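Please look through the structure below before reading the notes that follow.

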Amino acid sequence: MLHPPAMTAAADPPIRADLPLAPQAQVSAPMGNGTIIRRLVRFYLQGQWGLLGIAVLCMVITASMTAALSYLLDPAIKLIFLDKRADMLLLIPFAVFCVIVLRAVTTFIQQALVDTVGERAVAAVQRDLFKSLVQGDLAALNAVHSGQFVSNFLYDATLMRDAIVRGIAGISLELLSLIALAGVMVYQDWRLALISIFVLPGVAWVTQVIGASLRRAASGGMAETAELSTALSEALDGKRIVKAYGLEEHVAARADARIDGRLKYLVRVARTRAGAVPASDLFAGVVIAGTIFYAGYQAMNGEIGINHFASFLAAMLLALQPVRNLTQLWATASSGLSAADRIFAIIDRTPRIVDPADAKALVIAPKPHSGAVSFEKVDFAYAADASAPAINTVTLEAKAGQKIALVGPSGAGKSTLFNLLLRFYEADAGRIKIDGQDISQVTLKSLRENIALVTQEPMLFDETVGENIALGRRDASQSEIEDAARAAAAHDFIMQLPHGYATRVGEGGLRLSGGQRQRIAIARAMLRNAPILLLDEATSSLDSESERQVQEALTKLMAGRTTIVIAHRLSTVLDADRIYVLDRGRVVEAGSHSELILQGGLYARLYQHNLDDKTGLDDKTGLDGKTRLADETGPVT
C-alpha cells in the first residue's frame, strides 16, 4: 500500500486551529471534501481495485434490476391484464422473481466487498495514525491528552469507515439506481420525465445545506468526544487518588459536563438527519402531484396507456427512495469526511526533531574510552516566549566510564538535560557531544541505541516479564534475557512467579512490587548494554530493602559505563567522580562530594538537609523552611 510522502521541515504547513498542539507542532490546513476523497482513493484504496471493480459491477447490476422491476409492470399490465395472454401468466412473474433474486445476490456481494474495502482502508489509516503518534515529537505528544488520541482511533475512525462504506459507496449505488430508473421514465414518457427532473435542484440544495450543517455539528461532537475520553482516561488512571480523596462526585460531574456537551452536538446531528427525508419528500410530493395531474390529462386525451403510466409511476416511486437516501447518505459522508480531516491532520504533522540530510551513525570509541558526554554552553527553553530558560548556558562533562551526578532543587533543569541528551527536545544554542560527535548531526536511531535509561517509575507493558526485558534488545535470546535478569537480581523472584518469564505483568506492571518493576527495568538496561547510562531518581520511591537490592543491581549495571545520575538522595552519589549542582537552569557548583562540602554552598546545604530529613530532599521547600517553588518554564524537572 502506498502512503503519503513525508513532509519536510523546510515547507511547514500552517497550524490547525481546531487541534491543541505544542508550539513546535505544525499540521496541514483543513482539506476540502474532494481532497479528502482523492487522498482516500490514492493512498488507502490502492491495491483493492479488483474488489472495488467487482463491487461497482454489482452496483450496476443492482441498479439495473431495480429499473427492470419498474419496467416489467408495462408488459405485465399490457399482456396479462389487457391482452389476457395465458402464456405470459407464468413467464412474467418468473421474470420478476429472477430479477429480485439477482438483485438480492448482487446487493449482498457489493455490500460485503465495500465493507471489506472500508475496514481495510480504516485499518491502514489507523496504522499511519499510530506511526505518526509514536514517531512524533515529545512536545507535540505532551500537548494533547492521550484520551483525545483514543477518540481519534476509535470514534473518528468509525465515522470515517461509515463515510467510505455507507456514505461514498452508498451514494454511488443510489446514483446508479436513480440513473437507471430515470432511463425507464424517459423511455415510457419523456415529457413526464421532464416534470420529475424539477425535484433534483431542490433535493441538491437540501443535501448541501444538511451536509454543511452536519459537518459543523460532527466536528463539535468529535471534539467533545475527545474531551469525554480524556475525562474517562484520567478517572481510570487516577482511580486511587479519586477513592482516597473522595473525588467520585467531582469526576462524575466532570464527566457529566462532557457528556452533556457531546449530547448537544449529537442531538443536533440527529435532528438534522431526521429533517433530511421530510425535506426531500416535500419536493417529491410536488412532483408526484404534478405528474399524476399531467398523466391524467394525457390519459383523457388518449395520449398515454395505462401500462406505460403504471411502469412510469413505479419507476418514479422507486426513484424516490434513492433521492431520500442520498440526503441521509451525504450527511453520513460529511460526518466521516470531517473525521478523516481530523485524522489526516495528525498524520500530516511535521516532526521537528528529525535526522539531518547528512546524518551519520554515532560511532562509539572502543572501551575504555567510549561514551564520553559533554554539554557546551547549552541553552534551552520549553516555550519560545518563556520568561526564563529551562537550561541557561550549561557546560558539563562526563568522561568515558565516569559517574557524574546532577543534583539541585526541583525545577533546576536536571531531567531537561536528559531530554536534550536523548534529543527528545532540541537545544536552542550550544552543542552536546558524545565521543566528540555533535548529537544533532547523528541519526536518532544510533544515538538512542547507545543510551540506556532507568527512570523513577519504570514503564512496563502489559506483556510477559521476558518480553519486557527483551525491549532492551529485541533480538536477544532467552539465555541472554535470563543472564540480564540475574545481573539485575531479578531472576530469583521471576522464577517464583506463576509462569516465570512467561508471566504477564498487568497494566503498568501492577502485578509486581515497585522494587520488582525497577529490577526488571534494570535488566532491560543490562540487556541493552549501552555505553551510556542515565539514571533518573531510580531508587527514590523504594523502601529501604528494595532500594538496597536495586542499588546493588545498579552498581553492576554502572560498571564500565559512563553514568549520569539524577538524585535527591545525595547518599547515593557520594562516590560520583563529579557532581554538578544546578539551580534555575544553571550549573552553580561542580566538584567531588568532599570538595563541594568544603565550599559550603548550595550542595552543602542540600546535603545537610538530607541528613536532617532521611526521606530525601523536599522538592518544594527551601533550606530555610520557606516555600521555594521552581521559577522555570516547562515541565518540572
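G220 is part of helix α7, which covers residues 199-237. This is a predicted model, with an average pLDDT of 81 for the protein.

**A glycine in helix α7**

- Is G220 buried or exposed? G220 has a relative accessible area of 13%, and because buried means under 20%, G220 counts as buried.
- Along the chain, G220 and L266 are 46 residues apart. In the model, 9.0 Å separates their C-alpha atoms.

**Strand β3**

- Strand β3 runs over residues 403-407 and is mostly covered, with 5 of its 5 residues buried.
- In a regular strand, side chains alternate between the two faces of the sheet.
- Which residues of β3 lie on each side? K403, A405 and V407 are on one side, while I404 and L406 are on the other. Both faces of β3 are covered.

**Partners of β3**

- Strand β8, residues 562-566, pairs with β3 in the parallel sense, over 4 bridges.
- Within β8, V565 is the bridge partner of A405.
- Strand β9, residues 578-583, also pairs with β3 in the parallel sense, over 4 bridges.
- In β9, the residue opposite V407 is V581.

**A nonpolar patch on the surface**

- Which residues form the nonpolar patch? The patch consists of I54, F94, F97, V101, V105, F108 and I109. Together they have about 670 Å² of accessible area.
- Helix α3, residues 88-134, supplies the largest share of the patch, namely 6 residues.
- F94 is located in helix α3. The relative accessibility of F94 is 52%, and because exposed means over 50%, F94 counts as exposed.

**Confidence in the model**

- Of the residues in the protein, 87% have a pLDDT of at least 70.
- Residues 1-28 have a pLDDT below 50. Beyond near neighbours in sequence, this stretch still has 64 contacts in the model.
- Over residues 615-637, the pLDDT also stays under 50. For this stretch the model has 55 contacts beyond four places in sequence.
- Where pLDDT is low, predicted coordinates should not be read in detail.

How values were computed:
Residues are numbered from 1 along each chain as its sequence is written. This is a predicted model: local features need pLDDT of at least 70, side-chain atom pairs count only at pLDDT 80 or more; totals for chains, interfaces and linings use all residues. Side-chain values use heavy atoms; hydrogens and water are left out. pLDDT is the predictor's confidence in each residue, from 0 to 100. Contact means heavy atoms within 4.5 Å. Buried means under 20% relative accessible area, exposed over 50%, partly exposed in between (1.4 Å probe, protein chains only). Helices (H or I, at least four residues) and strands (E, at least two) are DSSP runs, numbered from the N terminus. Two strands pair if DSSP finds at least two bridges between them. Patches are made of residues with over 30% relative accessible area and no salt bridge: like charges are joined within 9 Å, nonpolar side chains (Val, Leu, Ile, Met, Phe, Trp, Tyr) within 5 Å. Accessible areas come from the Shrake-Rupley method with a 1.4 Å probe; for residues, only the protein chains shown count as cover. A salt bridge is a side-chain nitrogen of Lys or Arg within 4 Å of a carboxyl oxygen of Asp or Glu.
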